[in-house]
Amino acid sequence: MSTKIIQLNEAAIKGELKNLVKNSVEETLNALLDHEADELVNADRY
């Protein structure tokens with residue numbers, strides 16, 4: 001019976017997770033800022 005061996009590149013996984021979290025936070029903050037700006041000027045996007 002053959003045994004499957006799995007190797008994980010921990011540095012690559014950490015790098016991908018870091019980018020994923022960074023992008024998620026950036027998108028969330030930008031959406032909050034856009035919403036706040038819309039409320040301040042009482043305008044909708046054109």
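Which side chains meet in a salt bridge? In this predicted model, the pair consists of Glu10 and Lys14, with an N to O distance of 3.3 Å. A search of the whole structure returns 1 salt bridge. Both Glu10 and Lys14 belong to helix 1, where a spacing of 4 residues places them about one turn of the helix apart. Each partner is in contact with the surroundings of the chain by the accessibility criterion: Glu10 is exposed, and Lys14 is exposed as well. Side chains of opposite charge can pair when their charged atoms come close.

The secondary structure of the chain amounts to 1 helix and 0 strands. Helix 1 covers residues 10-41, and Leu8 is located in the segment that precedes this helix. The chain has 46 residues, of which 0% count as buried.

A nonpolar patch on the surface is formed by Ile6, Leu8, Ile13, Leu17 and Leu20. Together, these residues have about 570 Å² of accessible area. For one of them, Leu8, the relative accessibility is 69%; Leu8 is therefore classed as exposed, since the cut-off for that class is over 50%.

Terms used. Residues are numbered from 1 along each chain as its sequence is written. This is a predicted model: local features need pLDDT of at least 70, side-chain atom pairs count only at pLDDT 80 or more; totals for chains, interfaces and linings use all residues. Side-chain values use heavy atoms; hydrogens and water are left out. Patches are made of residues with over 30% relative accessible area and no salt bridge: like charges are joined within 9 Å, nonpolar side chains (Val, Leu, Ile, Met, Phe, Trp, Tyr) within 5 Å. Accessible areas come from the Shrake-Rupley method with a 1.4 Å probe; for residues, only the protein chains shown count as cover. A salt bridge is a side-chain nitrogen of Lys or Arg within 4 Å of a carboxyl oxygen of Asp or Glu. Helices (H or I, at least four residues) and strands (E, at least two) are DSSP runs, numbered from the N terminus. Buried means under 20% relative accessible area, exposed over 50%, partly exposed in between (1.4 Å probe, protein chains only).
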